[in-house]
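Please work through the exercises below with the sequence and the model open beside you. Each task is followed by a solution that goes step by step.

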Amino acid sequence: MKLTVNRKTVTVKAHPLTRLLDVLREECGLTGTKEGCGEGECGACTVLVDGEAVNSCLVPVAQVQGSRITTIEGLRGTHPLQRAFVEHGGAQCGICTPGMIMAATALGPRPSLDEIRTGLAGNLCRCTGYAAIYRSVLASRARSRARSKGKGQRAKAKV
Amino acid sequence: MQGTIAGRQLLQPRWLGDAVKMLRDEGPLVPLAGCTDLYVALNFGTLRPTRFLNLWNLDALRGIETRGNALRIGAQTTYTEIMKSAAIHRRLPMLAAAAREIGGVQIQNRGTIGGNVANASPAGDTLPVLLAADAVVVLRSAAGTRRVPMTSFYTGYRQSVARLDELIVGFEIPPVRGRQWFRKVGTRAAQAIAKIVVAGVWDTARGEARPRLAMGSVAPTPLRLSQTERALGSGASLADAQQIVQREIAPIDDLRSTAEYRRRVAANLVGQFYSEARKR
């Protein structure tokens, strides 16, 4: 089975019913994506499929053949959201962080606080009380703006 | 993951015609749509060993269109697609309201209306909407197509009239006149499964009140509340209608709520429907 993960084509041998989460972690070696609840409640395993946030614990790999999959590794540590989470305390224990960031990337470059709250409602965090996460996402907007001014549309195209 | 996929088989039809032939010739098969419910059971090992039919790639099951008078919604339309559809906002806003309160974004991107109906949970959020809208379920098998009114689709707890060789391919919704109304009562707007979910339409065609009301999570199947509707439509007092709804439902104590709470809230919701939906 051929998948496109973080812009690279990979061939995987997994059973077609294997969870996308397990294929990413065990076959692709991309362990940035975490398993939280395993029942679609917590959002820790969020990745993007064709630009849309999904819980990778609930997706059989057979359903994403031919789709573009983006994991936290695909942001290469340089995404404005990643920088903002570091600077504003958006990550504490870190388990929810990759899922939070992937869900936040799907909100586009200028989400309002309401859009952030709604867009991240499927991601649970037991450390921050969410305030620091919302602050981080809001701060990343300013960073995205500065960056896209300097480098054309790169920040937007990244995801 | 506690469940195992070893020994489980996935059939992958490329066309709808192939899918219904597989159901006829190679069944019993469990159809897979967005997997947002089914994979929870699979992950927890509570799903019986079975073979699956992957519907996700069948484009024939997707999309929203108006055909003649009816609004047609493909079974494999996701909640996100429902929320984004101008036709839904124009003709069936209570369905957009229901889609908005299902799961979080991740579930809305993957979960489908056909999956919600096929899963047949009495708590399914879109089911009261389809009941109150007088929707028709379109079923397809290798032998042909049949249409079943949503009001006679469910026969018991997680049971329906759909045969094992039939697929839900979509829903047809006649024009809905009057004000539409939807409420979900749960612990939280996102992710929580409903303690009670209700949809209603206050139709005043030809000056005559014809309210339609349906409720979920209050009986083994989602219910059209025909006795409560008649009371409200015939000018009975609200207090009478609130008494009737408490007799018409059959709630239980479960992990989300109690029968007593559900009876009281059902009566309150009838009051809210009466005061909000009746307004011009």
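A residue is called buried if 20 or more other C-beta atoms lie within 10 Å of its own, exposed if 12 or fewer, and partly exposed in between, with the C-beta atoms placed from the backbone. The model is predicted, so local features are taken only at pLDDT of at least 70 and side-chain atom pairs only at pLDDT 80 or more, whereas totals for chains, interfaces and linings use all residues. Residues are numbered from 1 along each chain as its sequence is written, and chains are lettered from A and ligands numbered from 1 in the order in which they are written.

**Exercise 1. Backbone exceptions**

Task: Find where Ser217(B) and Tyr130(A) are placed, and decide whether each is buried, partly exposed or exposed.

Solution. Ser217(B), although not a glycine, has a positive phi of about 70°. Ser217(B) sits in the loop between strand S13 (210-216) and strand S14 (223-224) of chain B, where helices (H or I, at least four residues) and strands (E, at least two) are DSSP runs numbered from the N terminus. Because 31 other C-beta atoms lie within 10 Å, Ser217(B) is buried.

Next, Tyr130(A) also is not a glycine and has a positive phi, of about 75°. Tyr130(A) belongs to the loop between helix H4 (113-119) and helix H5 (131-150) of chain A, and because 17 other C-beta atoms lie within 10 Å, Tyr130(A) is partly exposed.

Finally, the peptide bond from Gly27(B) to Pro28(B) is cis, with omega near 0°, and Pro28(B) is found in the loop between H1 and strand S2 (29-32) of chain B.

**Exercise 2. The two faces of a helix**

Task: Say which residues of helix H10 (residues 238-248) of chain B are buried, and why they lie on the same side.

Solution. The buried residues of H10(B) are Ala241(B), Gln242(B), Ile244(B), Val245(B) and Glu248(B). They lie on the same side of H10(B) because they cover an arc of only 160° around the axis, the arc being that of the directions from the helix axis to the C-beta atoms. On the other side of H10(B), Ala239(B) and Arg247(B) are exposed.

To see what the buried residues of H10(B) pack against, look at helix H9 (226-233) and helix H11 (259-277) of chain B. Contact here is defined by C-beta atoms, placed from the backbone, that lie within 7 Å. Among the residues that Ala266(B) touches, when residues up to four places away in sequence are not counted, are Val245(B), Gln246(B) and Ile249(B).

A nonpolar core is a set of buried Ala, Val, Leu, Ile, Met, Phe, Trp, Tyr and Cys residues joined through C-beta atoms within 7 Å. The largest one has 128 residues, and Val137(B) and Ala266(B) have the most contacts inside it. H11(B) gives the largest share of this core, 7 residues.

**Exercise 3. Domains and chains in contact**

Task: State how many residues of domain 1 of chain A are in contact with domain 2 of chain A, and which element gives the largest share.

Solution. Chain A is divided into domain 1 (2-74) and domain 2 (76-158), with bounds that come from an automatic or database domain assignment. In the contact, 15 residues of domain 1 of chain A meet 12 residues of domain 2 of chain A. Strand S3 (46-49) and strand S4 (52-55) of chain A are the elements that give two or more residues to this side of domain 1, and S3(A) has the largest share, 3 residues.

Turning to the two chains, the contact takes 26 residues from chain A and 25 residues from chain B. On the side of chain A that touches chain B, the largest share, 4 residues, comes from S4(A).

**Exercise 4. Confidence in chain A**

Task: Find where in chain A the pLDDT is below 50.

Solution. The pLDDT, the predictor's confidence in each residue from 0 to 100, averages 91 in chain A, and 89% of the residues score at least 70. The pLDDT is below 50 over residues 152-159 of chain A, a stretch that has 13 contacts in the model beyond near neighbours in sequence.
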